[in-house]
Structures are given as structure tokens and as C-alpha cells.
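Please read it with the structure open.

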Amino acid sequence: MRAGIYIRVSTEEQALHGYSAAEQEEAGRRRIHEIALPEEPVEIYVFADLGYSGATLDRPKLTEMREWIRDGRLDLLVLRDPDRLSRKLAHQLLLTEEFEKAGLRLEFLDFEWKNTPEGRLFYSIKGAIAEYEREKIRERMMRGKLQKARQGGMPVGFTVYGYQYDPETGKVSINEDEAAVVRNIFKWFANEDIGIAGVTNRLNDLEIPTRKRTGYWHRQVVRQILVNPVFKGEWKYGKIDWHTRTPRPPREVITIPVPPIVDPVTWEKAQEKLREIRRLWTKQGRRKYLLSGLLTCADCGNTMGGAYIRWWGVAERRYTCRRARCVSRNQGCRPPKAIRADELEKIVWGQVKAFLCDPDTVAREAAASAPRADELRQEHRRIEKRLLEVERGREAVLDALASGLFELDVKTKAKLASLKEKRERLEARKKELEHVLRSTESAAVRMDELRTLAEGVLDRLDEMSFEEKRGLVRALIRQIVITGRPKPGRAAKSMEGVAVTVILQLEEAVESITNVSRKV
């Protein structure tokens, strides 16, 4: 028998000291040996998530254990109670159903699990109570933090650049070295003819270190400093309602006073300049780029984005891999590479049309990539193998009984019942897989339908809006790799010298064509 023990402790203190983890493992091992027959070999595997919350399923050992169970590598799973799987009822039910389909036996130390309507009802009730208790604890904590904030205290840790926080006293004070940098940022931006990018470049040119001592500033970080009212002495707490995950009205947000770093006049001057920049930016026409997010430069490794730039005195849409210093360390190809957007989009759109011009290819690719056929067959073979193992185990128990090696006591009855239950679950899953496989193998029958869909889309390609074209391109294309650069010169209008490699995602082609054909 291959048995697993799942352990989860939710606090760092428990993870460091290990008391709860060790107790869960010891109790789990005792239960496994109680379940196993005396002559049955037992392999025990421990999956421990130490210091992880039960509110999320993103836990490394839980993920590993789920993969083991899907592969049929565990027969039994022991854990303290359903709360160890998750604090959320929906997650508990999801995992339980997943384990049952894999033919796994679940055993709780502090909870009697029965696969009956009554047992499932009690399981759901217990999970709902656990989730209720967790939400009540969280609500009490949030009320306490809000009350502390209303009294002027610091309800949470304070890690703002320019300040230092003493968790023992709860006091916030100014970090003079960092505060000097903040004052310079506001002074340069408010009083000089310089933008956010210029301020960022100056910080990097002066090699002023960040809090993490990386020595490299990003434009977004500088912007966040300029718009944060904490630097004029007002720290905002409770901007998001934790019940609805939506912003609270400004009148409900609590303002906690902290020592100001920037005087009110400089602060307001910086905000006025930011508003003016936004006003001017919104007046500029936003140009459309069909291939944004799909292009990669093979020469420097950067993605290529759309930019309206002057090239030999002519302003036009282009795709470029170059990056400003305030945005990325990798500044792209040197000299800068800029590909004419009209020419590149024409080439890629021509490849999309060529793909759709051969509907038979679309249909064949769709049939070849029918939903997870190989994976389903592998799982079907694994279940058949597990059924043989279960039947051998059942026969071994019956032979031992017939030989008089042991009596039909409560433990043996439970073992036989467990084997029967496992066989029933595996057979049910086997029937599900056979049904899906039959549907998958019948995909060839839809060849005429898929051919008709592709032909219908092809007839209407020129009528599509920009948004519909972009949707089709993104659905059919996984990546576009650009190698080389256009030949230099004022009259370099062609794509000579540039290699364009389009990587399609054919497995989604049929669904994409179907969706587009419904719109156009």
C-alpha cells in the first residue's frame, strides 16, 4: 500500500518550531499502520506545507501531492481534518471530488468521513463552519485595525521609502538619507522642465541606490512616489473594502498623520504638473497596432512594441525593441531597430489568410489535436492497471481468509469494503474516460463542418473591424519572431533584411474560427 500524509501549519511560529507538524506526521503514521494489513508492505510519503495559509490552493506540496494522486501513485491519504486541505468549503469539495475520481481513499484523524449522503452533508457543514470561523476572525482583526487607525495608530507594518518604522513602539520616523532623495524627486519634477522619465534617468545617472540597493530606478516607481500623499504627511488606510474588494468612498478612507517630507506647496505643484501631463496625453490620438504583445526581437531578446516615431524625417507607425533607461536595463538593439508597422502587419495578415485559404488543413489540424486524446488514453491505461492491482489485493485477502491465516474481524471487513469502494470509483472513472474518448475519436465526422467554418471566415476577412482582426490574430498566433533589420537609408521602405517567423497555435484554431464566424 502506498500511503500519503498531508501536513499543513498556518503560522510561521508553528513552521519554525515544528510542534504541530511533528504531531500530525506521528498521528498519521499510526493511523496508516492501523489500516494496513499485518503482512501488507507499506510505503509512506509525507507532504508538508509549513507556514502556508489554508485560504489558497497555491501550495507547493499540495500541488505535488495532487499530481501524485492524478498519476495513481497513492492509495491512501491521511490528514488531521478537512481544514488541513483548505479553509474554504468550495476548495475542500473540489479536492475531495478530485481525489475520489482518482480512486484514492481519504482518512481524517479528527473526522469520520463516510461516502454517503449523510456523510457528505456533515462534511459540507463542517467545512462551512470552518470557513465561517475564519471569516469571523478576519473580521475581528480588521475591526481592530480600523479602530487603531481611527485613533491615529499604525495598524499594519509601514514600509514606505523615505520612512522607517519601529514595530515595538508603532512609531514612524523619517529616514533622512532616503527623504533627501524624495525631496530631490519632487523638486526636479515640480521646478524644472523635466518629466517622470527625465527624473528617473537622472537618478540612475547619479547612481542613487534604491531601498533594495539595486542602484536602478524605474519610471513607475518614481511616479508612485510623486502621487503618494504620504510624503505630505497623510497616509491613507482602508482604501479597499476587504468584503467586496472594491475601493471605498473617499469619506470612508482613514487618514493617519505621519511626519511630512515635502512641503504642501511643492506637493501641489507636482500634482498640477501631473494633471497637465495627463490632459495633454489624452488629447493625443491613440494609434492602433495589430501585432502588439506578439512580437519578439531575436537579436536582443526584447519584446517589440508599437511606437509613432520619426525615421529619416518621416513620422509613422513602427514596431521597435528599443527601451528607455527608465523602463528597462535591456535597452534593445543598437543601433535602434524600428520596423514599419504597415509592412509587417501586411506580411503577418497575409500568412493568416494563407492559413485560412486551406480549410482542409484547418480541419486536419483540429482532428489531430482533438481534446487531450493521448492523455485520456494514458489515464485509461493507468486506471485499468490500478483495477488489476485492486482485484489482486482483494483476492489476496480472500485467499488468506480461506487459508485460515486470520479471521474475518472488523479490520478485515473494513479492508474489503475499502477495496470494493476503490474498485467502484475506478470503474466509474473508467466509464467517464471511455465516453470522452468516443467523443474525441468522432471528431473526424466534423471535418465538413470545420471546412465550412473556415471558408465562411475567409469570405468575410476584409469586412472585419480592427478589433475583430486583432482577436483572430491573437487567437491563431502564439508568437512572431523578428530577426535582422531593414537596410539603412531614407528610402528603406521594404522588409529586405528582415526575417519574420510566425508561430501558430493550431490547437485553438477551430474554436477561434468558430467565434469569429459568429461575429462577422
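Rings of Phe, Tyr and Trp (its six-membered ring) pair if their centres lie within 6.5 Å, with planes under 30 degrees apart counted as stacked, over 60 as edge-to-face and the rest as tilted. By that criterion the structure holds 7 aromatic pairs. This is a predicted model, in which local features need pLDDT of at least 70 and side-chain atom pairs count only at pLDDT 80 or more, whereas totals for chains, interfaces and linings use all residues. Residues are numbered from 1 along each chain as its sequence is written, and side-chain values use heavy atoms, leaving out hydrogens and water.

**Aromatic pairs**
- Tyr289 and Tyr319 pair edge-to-face, at 5.6 Å centre to centre and with 75° between the planes.
- Tyr289 lies in the loop between helix H10 (264-283) and strand E11 (295-297) and Tyr319 in strand E13 (residues 314-320), so the pair ties together parts that are 30 residues apart in sequence.
- Tyr289 counts as buried (under 20% relative accessible area, where exposed is over 50% and partly exposed lies in between, with a 1.4 Å probe and protein chains only), at 11% relative accessibility, and Tyr319 is buried at 0%.
- Ring pairs also link Tyr163, Phe186, Phe231 and Trp267 into a cluster.

**Confidence**
- The mean pLDDT of the chain (the predictor's confidence in each residue, from 0 to 100) is 77, and 71% of the residues reach 70 or more.
- Confidence is lowest in helix H1 (residues 12-17), at a mean of 46, and highest in helix H7 (residues 176-191), at 93; helices (H or I, at least four residues) and strands (E, at least two) are DSSP runs, numbered from the N terminus.
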